[in-house]
Amino acid sequence: MYTPDDSPLTEADRELIERFRHDYAPPPRAPGHRLALHDALQARLQRRWIPTWTPIAAAACAAALALWFVLPERWTNPPPPTSAAGDVLAAYALESDVAGELDDLLPQDYARIEDIFEL
Amino acid sequence: MEPIAQVLGARTVSLDREQRFFAFVEAHQERAVRMAWRLIGGDQDAAEDVAQQAFFKAYRGLDRFREDSKLTTWFYRILVNEARSHRRWRALRDRWHTVWDEDATPDPAASAHPDPALRRRLAGALDRLARGQREVFVLVYLEGFTLEQTAAQLGKALGTVKSQLHRALRILREELADCYQPTPHKAGGTS
């Protein structure tokens with residue numbers, strides 16, 4: 001694993017770093033900046049604390065409430081299944097179709113099923 | 001002016017801690033702004049905002065601050081996170097609102113610099129580094145934190161910091177080779 005001792009800085013590396021330090025630095029701050037930051041910070045801390053997510057949560061609640069009133073009742077309260085739906089299901093599989101199908105299985109059949117599905 | 005601790009009541013820290021905190025702000029704001037400036041890529045106003053936000057969050061979290069770690073380490077960790085957050089939002093904004101780029105004001109320091117092209121090259125090279133590499137390079141080589149401090153501030157293992165630092169320097173060395181005269185490694189040099 002790399003350690004600084006394994007890879008010491010060359011003169012060129014030092015020069016590069018020095019160049020960054022010198023040429024990639026912010027301009028000197030105006031004297032007013034220090035005071036401005038201090039004052040702004042103090043003003044923010046004295047303000048009554050409101051979490052940043054409060055406005056978002058309030059807007060989301062308002063939107064949800066508006067949707068509740070705007071959407072038709074059938075959207076918010078789905079109707080119970082009708083007898084027509086039951087008829088459709090019955091057309092695909094009658095209860096009598098599957099009745100007794102599992103009655104004839106023997107214990108070895110269950111064992112085979114377990115083997116097949118690795119139960 | 002009414003002390004903050006009295007205004008905010010029981011939720012806040014003691015007056016003593018408040019005074020200590022503002023002394024801390026005084027002592028560290030230059031470095032905090034400079035570090036934010038380098039981490040987010042040379043935007044003075046944004047750097048001021050990031051530093052202020054970091055101080056604000058640090059003050060808010062003073063109650064959760066464990067005295068067993070150093071206040072500076074804890075604060076600079078917050079600052080690094082704020083800078084990351086700023087970069088993420090800026091990347092998102094730039095991706096979806098490219099028109100904002102046209103409105104963006106150029107870095108006034110770049111034009112005031114004796115060699116604006118060099119400054120842009122340095123900024124570009126640093127910006128193209130992976131996030132972790134850029135952060136360790138700025139913290140260790142430009143801000144002068146030790147490897148251990150950097151590891152604590154970034155929440156990384158010491159070995160990770162070392163390897164990222166090594167890679168960052170190698171990439172910058174290659175990319176900016178024409179900016180200086182590379183010399184071969186000298187045995188026995190110091191880090």
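This is a predicted model: local features need pLDDT of at least 70, side-chain atom pairs count only at pLDDT 80 or more; totals for chains, interfaces and linings use all residues.
Q: What does chain A average in pLDDT?
A: The average for chain A is 77, and 74% of the residues score at least 70. Over residues 1-5 of chain A the pLDDT is below 50, and this stretch has ten contacts in the model beyond near neighbours in sequence. Here pLDDT is the predictor's confidence in each residue, from 0 to 100, and contact means heavy atoms within 4.5 Å.

Q: Turning to chain B, how many helices and strands are there?
A: Chain B has ten helices and zero strands, so its elements run α-α-α-α-α-α-α-α-α-α from the N terminus on. Both kinds of element are DSSP runs numbered from the N terminus, with at least four residues of H or I for a helix and at least two of E for a strand.

Q: And what share of chain B is buried?
A: Buried residues make up 46% of the 191 residues in chain B. Buried means under 20% relative accessible area, exposed means over 50%, and partly exposed lies in between, using a 1.4 Å probe and protein chains only.

Q: What about its contacts and surface?
A: In chain B, 63% of the contacts with a separation of 6 or more are between residues 24 or more positions apart. The chain exposes about 10,100 Å², of which carbon and sulfur atoms supply 52%. These areas come from the Shrake-Rupley method with a 1.4 Å probe, and for residues only the protein chains shown count as cover.

Q: How many salt bridges are there over all chains?
A: A search of the whole structure finds 15. A salt bridge is a side-chain nitrogen of Lys or Arg within 4 Å of a carboxyl oxygen of Asp or Glu.

Q: Which residue pairs with B:R84?
A: The side chain of B:R84 meets that of B:E135 in a salt bridge at 2.8 Å, N to O. This pair links distant parts of the chain, with B:R84 in helix α4 (residues 71-96) and B:E135 in helix α8 (residues 131-142), 51 residues apart.

Q: Are those two buried or exposed?
A: B:R84 counts as buried at 15% relative accessibility, and B:E135 is buried at 4%.

Q: Which residue does B:R128 meet in a salt bridge?
A: B:R128 meets B:E175 at 2.3 Å, N to O. B:R128 lies in helix α7 (residues 116-128) and B:E175 in helix α10, so the pair ties together parts of chain B that are 47 residues apart in sequence. B:R128 is exposed at 57% relative accessibility, whereas B:E175 is partly exposed at 27%.

Q: Which residues form the salt-bridge network?
A: The network links A:R29, A:R34, B:E26, B:E30 and B:E48. Of these, B:E48 lies in helix α3 (residues 44-60) of chain B and counts as buried at 10% relative accessibility. Leaving out residues up to four places away in sequence, B:E48 touches A:R29, A:H33, A:L37 and B:V33.

Q: And where is B:E26?
A: B:E26 lies in helix α2 (residues 15-40) of chain B and is partly exposed, with a relative accessible area of 34%. Leaving aside neighbours within four places in sequence, B:E26 is in contact with A:R34 and A:H38.

Q: Switching topic, what does the side chain of B:Q164 join?
A: A polar contact of 3.0 Å joins the side chains of B:Q164 and B:K156. A polar contact is a pair of N or O atoms within 3.5 Å; within protein, one must be able to donate a hydrogen and the other to accept it, and residues adjacent in sequence count only if both atoms are side-chain atoms. B:Q164 lies in helix α10 (residues 158-175) of chain B and is buried, with a relative accessible area of 14%.

Technical notes. Residues are numbered from 1 along each chain as its sequence is written. Chains are lettered from A and ligands numbered from 1 in the order in which they are written. Side-chain values use heavy atoms; hydrogens and water are left out.
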